[in-house]
Protein chains: 2
Amino acid sequence: MRKVAVAGVGMTKFGVSEKSQVEMFAEAAMEAIITSSLKPKDIQALFVGNVLGDFEEGQMNIAPFCAAEIGLGPAVPATRVEGACASASVAIREAFIWVASGFYDIVLVGGTERAMAMGTPLATRTFAMGTDSRYEEFAGITFPGAFAMVARLYSVKYGIPLEKLKERMALVAVKNHKNGVKNPLAQFRKEITVETVLNSAMVADPLQLFDCCPFSDGAAALVLTTEEIAKKLVEKPVYILGVGQGSNGPLCRQKDVTRIRAREEAAQQAYKMAGLTPKDIDVCELHDCFTIAEIVASEGLGFFDFGKGSEAVEKGETQIGGRIPINPSGGLKAKGHPIGATGAAQAYEIVKQLRGECGERQVEGAKIGMTDTLGGDLATVVNIIYGI
Amino acid sequence: MRKVAVAGVGMTKFGVSEKSQVEMFAEAAMEAIITSSLKPKDIQALFVGNVLGDFEEGQMNIAPFCAAEIGLGPAVPATRVEGACASASVAIREAFIWVASGFYDIVLVGGTERAMAMGTPLATRTFAMGTDSRYEEFAGITFPGAFAMVARLYSVKYGIPLEKLKERMALVAVKNHKNGVKNPLAQFRKEITVETVLNSAMVADPLQLFDCCPFSDGAAALVLTTEEIAKKLVEKPVYILGVGQGSNGPLCRQKDVTRIRAREEAAQQAYKMAGLTPKDIDVCELHDCFTIAEIVASEGLGFFDFGKGSEAVEKGETQIGGRIPINPSGGLKAKGHPIGATGAAQAYEIVKQLRGECGERQVEGAKIGMTDTLGGDLATVVNIIYGI
């Protein structure tokens, strides 16, 4: 297997866009191609993460239209993958194997989504289709409902009073908003306080409005290539050191929703391939779709013992400058969450961090970074470890 | 790259099903696993083609639920790909690279769809989302409309009077229905005549009802593994000799819709990898979503000169026993077309043909077979060549 490098990355501003999903993808893709010192004609294959293009714009099979928009020719295979919110990370892992295997030398991969344009009611209903349609969606569960159950069980299991846990969860939102202020592409660039969170509307008890990430429009993309080619193209290639992907069945088959088995398996695969352990990770972009989701992810990835993640937030260990900076980009919470694009946006941030290009939100000396993307209600997790 | 083998295959009956998409997938998958002399615990990764699971059942991210249904554990990555009607063939090509590269030894791949359960009006509207949402769907085009344009241009371009072309198109339907009678899993098992076609309701002039394939429910699956493992597991492994995938942009950017560039590129890739030419193919399952689609596909794959495909049908060259038997399974026309499953069903037929297990519809002495799957209005084509 060949060593796979990220040559260039691109990303739109997250928030509300008047562009179509194909146009947003093209914007991010052209930035990735140009900053890789390449032209569209150099791209040999394309992978696109997209979740609700059909509901949003009546557009399925979006990948060949993305390809045509940036002028890729008919010999270039263009493939859409969908793993709910993890779609773009699934796409990156697919793109990785085609380069690692020696089949292609230069592959474009990314994600695009127009979730905000749908409006909250339709977005909530369509997002809920990521749950099991036979046992869960049917019963009325939504993602805030699923993660509210995670928070309640977490409180009971680890003996952390709910009020205490809610304060610590609020600190996740406070941190991520603070980071988002420093990210020019973030959807929300305004600091908040613990009180902002605790005084916000109740969504699914105990999750309040500011415990939840927003719906967003946006796109992000990466160019993957070989080590040899990347070194010729760009000054600072970033390498993919390990990848992992795990799967869960329906929630009702999970023994303990505070332990996401798909993540534990995915992370182990990625660490094993990279020959690294959690303590080697300098910076992490993880799936904070809800504040409690960041806490359980930080444990599932091995940064903290199970049950200790919320305490670590309180101690500031996940801030920029802390022991393991988490979501310096602002995360899904403040940067935004255009579902099919999120994994590529996490990769964008890690690549920029490892290149030392993050300005005010730079994690000093970061050499190894990790992304964590969760799709569905704990159903799909992809972890990717990047290094310089 | 390692040689990739198909160990076992499975398929549900096509038609109307009361099972969910996940349950249909499980039925096909378990047949593929069992006939491979394997157990679910042996499967290392899963790829699923599915197109409209969200519209049909409110189910997105269907792959991990398919995995859980057959008892695959959390370490097994489960990935959904969507390339409109070509979805399952895109999935097979993805599964192929993971085995060919040496990353996994045993991968399950297939497709599932419940298109008939939606009813024709909703199915027609949602299928139309495979066209470009900005330039085509918006203007009211549907798939019958797109292929009606192909037929009209074909008539003019090659100087074949429309009435003559319609008779030859009808012969495609007659042949595929005749083959379907011999396929116990086919949706339609009744012979028709040229008059049946020409007297049927007009759908999109010149395409009449019997020029069009049906909406269907169904699933199909394959187990891919290495040559070495396959030889230990089964008596007659079938090998993947070549794969290819091409992409087109919107119809409005196509110079000539009777020549599908994505197919010409995909076929060339597959022939090149296999070291074969069109005359080496003994049997072909190709994308006859409409009768005219079979004719243009037979030319695009190189079996006949451009403009000569309809004449070849008239001469019986595409019948079982003819020069190049096309769609011995009954094709999409008679076997049925559960969109996300179709590519896997084509593979099922070719594998059975190469093993000599097709009874009355057996193409005698078939050693090399090919599948051709078209997604969207000419947007995605995947070609795969199988051999023994």
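Reader: Over the ring of which residue does the charged end of K3(A) sit?
Author: This is a predicted model, and what follows should be read as computed from it. The charged end of K3(A) is placed 4.3 Å from the centre of the ring it sits over, and that ring belongs to Y239(A).

Reader: How far from the centre of the ring of F306(A) is the charged end of R259(A)?
Author: Here the charge is carried by R259(A), whose charged end sits over the ring of F306(A). The distance from that end to the ring centre is 3.7 Å.

Reader: Is the pair of F103(A) and Y104(A) stacked or edge-to-face?
Author: Over all chains, the count of aromatic pairs comes to 13. In the pair of F103(A) and Y104(A) the ring centres are 4.9 Å apart and the planes stand at 75°. Planes over 60 degrees apart count as edge-to-face, so the pair of F103(A) and Y104(A) is edge-to-face.

Reader: How many residues apart in sequence are the parts tied together by F127(B) and F215(B)?
Author: F127(B) and F215(B) form an edge-to-face aromatic pair, with 4.7 Å from centre to centre and 85° between the planes. F127(B) lies in helix α5 of chain B, whereas F215(B) lies in the loop between β6 and β7 of chain B. The pair therefore ties together parts whose separation in sequence is 88 residues.

Reader: Which residues have the most contacts inside the largest nonpolar core?
Author: The largest nonpolar core has 84 residues. Apart from it lies another core, of 44 residues, which includes A115(A) and F143(A). Inside the largest core, the residues with the most contacts are Y386(A) and Y386(B).

Reader: What relation do chain A and chain B have?
Author: Two copies of a chain are related by a rotation about an axis and a shift along it. Chain A is superposed on chain B by a rotation of 180° with 0.0 Å of shift along its axis, at an RMSD of 0.0 Å. That is the relation of a two-fold axis.

Reader: Which residue of chain A has the C-alpha nearest the axis?
Author: The C-alpha in question lies 2.2 Å from the axis, and it is that of V81(A).

Terms used. Residues are numbered from 1 along each chain as its sequence is written. Chains are lettered from A and ligands numbered from 1 in the order in which they are written. This is a predicted model: local features need pLDDT of at least 70, side-chain atom pairs count only at pLDDT 80 or more; totals for chains, interfaces and linings use all residues. Side-chain values use heavy atoms; hydrogens and water are left out. A nonpolar core is a set of buried Ala, Val, Leu, Ile, Met, Phe, Trp, Tyr and Cys residues joined through side-chain atoms within 4.5 Å. Buried means under 20% relative accessible area, exposed over 50%, partly exposed in between (1.4 Å probe, protein chains only). Rings of Phe, Tyr and Trp (its six-membered ring) pair if their centres lie within 6.5 Å; planes under 30 degrees apart count as stacked, over 60 as edge-to-face and the rest as tilted. Helices (H or I, at least four residues) and strands (E, at least two) are DSSP runs, numbered from the N terminus. A charge sits over a ring if NZ of Lys or CZ of Arg is within 6 Å of the ring centre and within 35 degrees of the ring normal. Copies are superposed by least squares on the C-alpha atoms of residues with pLDDT of at least 70 in both.
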